[in-house]
Number of protein chains: 4
Amino acid sequence: MISFENDYIQGAHPEVLKRLAETNYEPLSGYGTDPYCESAREKIRRECGCPDAEIHFLVGGTQTNAVVIDAMLKGYEGVVAADTGHVAVHEAGAVEYTGHKVLTIPHYTGKIDPGELKAYLEGFYQDANHEHMVFPGMVYLSHPTELGTLYSRKELEEISGICREYEIPLFLDGARLGYGLMSSGTDVTLQDVAQLSDVFYIGGTKVGALCGEAVVFPKKAPRHFLTAVKQHGALLAKGRLLGIQFDTLFTDNLYFDISRHAIEMAEELKRVLREKGCTFAWESPTNQQFVILEDSTAGRLKEQVVFSFWEKADETHTVVRFVTSWATQKEEIEALRHLDLS
Amino acid sequence: MISFENDYIQGAHPEVLKRLAETNYEPLSGYGTDPYCESAREKIRRECGCPDAEIHFLVGGTQTNAVVIDAMLKGYEGVVAADTGHVAVHEAGAVEYTGHKVLTIPHYTGKIDPGELKAYLEGFYQDANHEHMVFPGMVYLSHPTELGTLYSRKELEEISGICREYEIPLFLDGARLGYGLMSSGTDVTLQDVAQLSDVFYIGGTKVGALCGEAVVFPKKAPRHFLTAVKQHGALLAKGRLLGIQFDTLFTDNLYFDISRHAIEMAEELKRVLREKGCTFAWESPTNQQFVILEDSTAGRLKEQVVFSFWEKADETHTVVRFVTSWATQKEEIEALRHLDLS
Amino acid sequence: MISFENDYIQGAHPEVLKRLAETNYEPLSGYGTDPYCESAREKIRRECGCPDAEIHFLVGGTQTNAVVIDAMLKGYEGVVAADTGHVAVHEAGAVEYTGHKVLTIPHYTGKIDPGELKAYLEGFYQDANHEHMVFPGMVYLSHPTELGTLYSRKELEEISGICREYEIPLFLDGARLGYGLMSSGTDVTLQDVAQLSDVFYIGGTKVGALCGEAVVFPKKAPRHFLTAVKQHGALLAKGRLLGIQFDTLFTDNLYFDISRHAIEMAEELKRVLREKGCTFAWESPTNQQFVILEDSTAGRLKEQVVFSFWEKADETHTVVRFVTSWATQKEEIEALRHLDLS
Amino acid sequence: MISFENDYIQGAHPEVLKRLAETNYEPLSGYGTDPYCESAREKIRRECGCPDAEIHFLVGGTQTNAVVIDAMLKGYEGVVAADTGHVAVHEAGAVEYTGHKVLTIPHYTGKIDPGELKAYLEGFYQDANHEHMVFPGMVYLSHPTELGTLYSRKELEEISGICREYEIPLFLDGARLGYGLMSSGTDVTLQDVAQLSDVFYIGGTKVGALCGEAVVFPKKAPRHFLTAVKQHGALLAKGRLLGIQFDTLFTDNLYFDISRHAIEMAEELKRVLREKGCTFAWESPTNQQFVILEDSTAGRLKEQVVFSFWEKADETHTVVRFVTSWATQKEEIEALRHLDLS
């Protein structure tokens, strides 16, 4: 059955698998010290325009969020996030497990509003009781957001400016960063992300790798970050598995090309669904598309194609999510044309 | 250069890579719910003789130790381990990070002594102040140990009996379990391990996989263990990566065959080094071999072959470690014959 | 200057100090094992109508909340609370520090709504992703709430019923419990609290003691709770300090009498302020009163009497809080009559 | 029955109780912001010779150790302590609960050896695997130690020098500091402690207060330490209870005078027991005395006087502990003369 369930339903880009096979018998030292890791780092530094960036490879997204947030916060600090943020809802409390509160502010189609962020920080320090409260010690964004939306360059600049004014780091969760950067509407580049944030990651798991996220500290990593990674059980013994994958993804523009492919597939999917009379719950410029279906239609459709339930829209309608990826085939989109969506 | 640095210097057994490639485009659901994970679980249950075992796949060893220990201990409990135990020394405090103390007792070539374990537990409850101390809530063993040694069936039975008497679980770290089970000297089978412990893991990272450890609860996992795994950042989105690997390793006896190969290579390595006059620091029946070299010899040898420094033996001698694995080639052992070890 | 700043601005009820002095030289064993602690426990059990209750004395409120919540939750669980709850806002993240998320639901003048609580729990288990989320493992109420309001017996019964249906404990924070029980409007007794909750505490710090909260487990405490208390740094060496105080407070009805006094003072304060034309932000039947003042009036008043800023009501008005206590004197209320509140 | 059980079996010095009663009705703001806290701080600063010291009052010893250690360590660090250290053995894992390992080194009658400390730190950084281990981030001493012994000024200077060389703070647990400073043998003054350590505390609980420990940062406290204290549930609402007590103890030399009294009583106790033929397990210059008794003698003596079991000395002998305090009366020592210790 055709599946638009999410962007991690398939293995890895074939070039990634090929390189893993080619290098398989080379004896390499562990924990990210091998030359493939170093080569991947060098390529990422170049793409980011940050020759001094420190780069670490972790395995998965929730893990990366928890390790980075814990390593950068002081004990008495929490992380500010949208109330829809992955760290706030869908990580089984991984951030709280590290001892830090997620301080939520309202979202606007997945994004936080710079003005509200500023008001929140101002309000905190004006509160006479703030020493009895959790200090906002970092701002967490995801780009694209949980709802597939993107910040504009101007919004990121504003948020970054607020963080610098309050001297707290800005952390950008880029689990789907490739799909954000290759969106046709965006004016945000990888260099912008590197310049405006204090730490971000380039998602591999959802963009062509078997697993892996590349954490980039554009200026400087927290001291002994590797030990913090180990302490959180997040240091991969065969670091090569991550290094070789990211080295491949950042060779010959592969990461960007396969991300663009997913965007093209998403745009085609939008076209097809619009032609079939579908309404979208909100406008998403990336690879996740949110469609409002009558409950009966959704029920019928489920027999023919895999997608995910997002939320109830009203008594008789449901929001469902279709996701394209590096692996989506044009034929899969075409097949949608023949479905009965009435 | 030939390397005996450790058992994770190479990628994965070629059969594992082949299966990853063959299944690459199948759309599969995430987080360990795919049919390969289920097939792997079923095969492992059969090998363990535990039809009801609950099995979860995690990514790495330190991660597995921290998640399992935290999930099985009550808040006021710690885990008893040998003072050489991996959890006690080389995990950057990952167990303490979960809030639990590692309660160490002396090791005997890497192993704990059943009599001393019993005395420790008895002594704890006899101590009038024990309510002000950390309760021993679990016993942690590794098999093979950090020093390559193995428990006998009788020792495991004694330790298991003590744990059951004190109603605390026995956790066996099997990061190198294959090499232990295939050792020519052992009388311990996988079924024994499953019967005598309350949780153990079958190491993949060091035995032919790119990454992955199969955690086996022979009777019953802690409630909502999957959520605990997620909370620790240890739940892999593409669970298929682990399921396919373990399914392959447990097809046609592969896990055991490649483990036996490593043992044969270790025995050959012992023979060669003995013939060349080497002394061993202690007797190891598994794939890690500890050799005493004169410092000057060790220095010279380092130019020709990779091994690891273990510890100083005395003023002029050093203990070094040679490790074989599923990937070690007979030619690599033969090459040792031609080295100058005088 | 007269102060209505809060209910912990003075020392202890003189009877408490007298008993501390009288018993001062008796050599007593530590950590809550002395006969005064035991006597206090026995008296509290009788008042609660729970002959088997387990009772522990802790020092302060935030401490008690964190220790109780951590001791009763499983690792993967969080605590449900009103978004105004003390644990959610004013404890510097003490609950998150123990690794658990505070799961907030909306408040209605400080209280949670039983219907919304039920909907929250139902919704959680219906969410297909709930295994990736924090399980609701306990419900936290305060009674009186942060806003001075009280649950009715019917509301407590409903909430208790929901907790029992979902098999999660109900925890009632009674930092100001005396003031709630002695409120003229309430139909909730101490026996009701003991019957409907799974753990609660009887606040001493705010009701006549130098410090101390009596934690009551009507049926059964978590195993080795004393060790958990110690582990959190919350076990007082001189347990006598808490035992003697609670023994005194629960002798000859003292706790209830001094609580009733504070309520009478609060009612008198309401009368006086109403007569002077003040408007109340909401109706509070306990010892905290929330008054809306013009900003200029509030500014002037601050020169003559101590109260606390609560929040801005609108552009030109402020909500301020006046608190009475066991120590409030009639003359202090009378003095308010002479203030200029225009 | 006469009791030498420990130094917290009685209430508080009468002057402390008197001041609590005298100030009882003064309305004072909470959390350590009242003028008594400030006055106590000022007096302590003067005694320490540290005009800029930051001083916080906490309630108990285990609490203070956990809060201070957690606030000063970085996430990946642990605290070095003697294997007999209170933090290592008798705090129910309170330090590990904060996520940090206690790194133990051998004790010599309760003390660590400067040379061994230095070797430990050197060895750590020389270990090629140290990034996979817990970094030593602080040194913890108690003075007096658990065994009643004292460091000499020279030893403290050496340890302090090593800490400064390695740029890690030195933390001195002074739960019984008064008894150490007033020991007739010592050459260590309070000013020395303040100069050589980076944080220490002046114990109140065991030296004349109902409860309370004064934490002194001679140079500078960690940022937002008050919030860290709150987060650990250790911030007392009625800070006055601690401020008034320490203000009294540091008025007219009271703290030192009552400490000296305990030492004089301990010396008298030694004399009496020596005259009666007792052997001491080791030489203690402070208020804890460790005596070797025949098991039968110990059994008989228990009927007449309270002391504590320390450890078995051999098959037929036991080490027991006698403790004097600010409250010990000469008559109690005299009474020992009439006991049958044969």
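Two strands count as paired here if DSSP finds at least two bridges between them, and the strands themselves are DSSP runs of E with at least two residues, numbered from the N terminus, just as helices are runs of H or I with at least four. In general, strands of a sheet pair through backbone hydrogen bonds, in either the parallel or the antiparallel sense.

The model is predicted, so to speak of a local feature takes pLDDT of at least 70 and to count a side-chain atom pair takes pLDDT 80 or more, while totals for chains, interfaces and linings use all residues. Residues are numbered from 1 along each chain as its sequence is written, and chains are lettered from A and ligands numbered from 1 in the order in which they are written.

Zooming out in chain D, seven strands make up an open, mixed sheet with the order 2-8-7-6-5-3-4. Strand 2 (54-58) and strand 4 (102-105) of chain D are its edges, each pairing on one side only. On average, neighbouring strands of this sheet are turned by 25° against each other, direction ignored (the axes are lines fitted to C-alpha atoms, for helices over the stretch in contact, and angles run from 0 to 180 degrees between N-to-C directions).

Turning to how the chains meet, 43 residues of chain D touch 43 residues of chain C, contact being C-beta atoms, placed from the backbone, within 7 Å. On the chain D side, helix 1 (14-22), helix 3 (61-72), helix 5 (94-97), helix 10 (225-231) and helix 11 (240-249) each bring at least two residues. Helix 3 of chain D has the largest share, at four residues. By class, the chain D side splits into 22 nonpolar, 16 polar and five charged residues; nonpolar covers Ala, Val, Leu, Ile, Met, Phe, Trp, Tyr, Cys and Pro, charged covers Asp, Glu, Lys and Arg, and the others, Gly among them, are polar.

As for chains A and B, their contact takes 43 residues from each.

Technical notes:
Two residues are in contact if their C-beta atoms, placed from the backbone, lie within 7 Å.
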